Amino acid sequence: FVILAFAGEVLAFYVFYVLIEFLLSGEFNKKLGGVKDRTMMKKLKNHIIVCGGGRVGRNVCMKLKEGKEGIVVIDKSESRVESLKRDGFHAILGDANDERVLKQAGVEHAHSLAAVIGDDGDNLLTILTAKELNADLSIAARANDENIVSKLKHAGAEVVILPEVVGGLKLADALMGAIDH
């Protein structure tokens with residue numbers, strides 16, 4: 001009986017310790033924040049989904065933040081998602097070409113989508129999946145290879161940008177004095 005009573009006390013202390021550690025470590029706040037984010041995203045209508053929170057995606061978000069539309073960002077990197085959340089964006093950790101993740105981002109009620117993942121194949125699959133879920137979705141995409149532009153447009157992207165080409169043209173404009181420094 002004494003051994004069972006001691007084991008019970010140890011177990012109760014351990015459960016209490018784990019609960020306190022969970023609350024103090026911020027995990028509770030993360031879990032609670034995730035529920036709050038999902039609730040907010042369910043209410044969004046006519047918002048913009050940005051698939052990819054890297055260098056290009058972050059700049060897209062910062063520019064879109066100037067407008068009044070809601071923005072939801074999807075990225076595979078937990079650190080980028082946390083950084084985007086700290087900057088005030090709704091961000092989802094996941095793969096943008098996964099139907100469940102796109103539905104969680106509210107693709108059925110979204111106004112438009114930016115496919116700015118660093119991989120052209122991922123952008124293509126994301127566009128196809130998003131168009132399947134919302135045929136009226138307006139889509140802009142990033143491409144790394146000029147040969148995939150026609151495929152991205154055929155999949156449903158209305159605008160396709162090659163960042164290296166645009167950057168090169170802007171640099172040439174700056175060198176020729178066509179851009180105010």
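Biologist: In this protein chain, what share of the contacts between residues at least 6 apart in sequence join residues at least 24 apart?

Modeller: A contact means heavy atoms within 4.5 Å. Here 52% of those contacts join residues at least 24 apart. Keep in mind that this is a predicted model, where local features need pLDDT of at least 70, side-chain atom pairs count only at pLDDT 80 or more, and totals for chains, interfaces and linings use all residues. Residues are numbered from 1 along each chain as its sequence is written, and side-chain values use heavy atoms, with hydrogens and water left out.

Biologist: How many helices and strands does the protein chain have?

Modeller: Both are DSSP runs numbered from the N terminus: helices are H or I with at least four residues, strands are E with at least two. The protein chain has 8 helices and 6 strands, in the order α-α-β-α-β-α-β-α-β-α-β-α-β-α from the N terminus. Take helix α8, residues 163-175: its 13 residues reach 18 Å from first C-alpha to last, close to the 18 Å expected at 1.5 Å a residue (1.5 Å times one less than the number of residues). After α8 comes Gly 177, with a positive phi near 80°.

Biologist: Is Thr 129 buried or exposed?

Modeller: Buried means under 20% relative accessible area, exposed over 50%, and partly exposed in between, with a 1.4 Å probe and protein chains only. Thr 129 has 9% relative accessibility, so it counts as buried. Thr 129 sits in helix α6 (residues 120-133) and touches Asn 97, Glu 99 and Leu 102, leaving aside residues up to four places away in sequence. Across the 181 residues of the protein chain, 35% are buried.

Biologist: And where is Asn 46?

Modeller: Asn 46 lies in the loop between α2 (27-43) and β1 (48-51). Asn 46 is exposed, at 53% relative accessible area. Asn 46 is not a glycine, yet its phi is positive, about 50°.

Biologist: Which residues are closest to the centre of the second largest pocket?

Modeller: A pocket is an open set of points on a 1 Å grid over the protein atoms alone, where a 1.4 Å probe fits, with protein on both sides within 12 Å along at least five of seven lines; lining residues have an atom within 4 Å of a point. The second largest pocket has a volume of about 340 Å³, the space filled by probe spheres set on the points. Of its 19 lining residues, Val 60, Ala 114, Val 116, Ala 140 and Ile 161 are closest to the centre. At least two lining residues come from each of α3 (55-64), β4 (112-115), β5 (138-142) and β6 (159-161).
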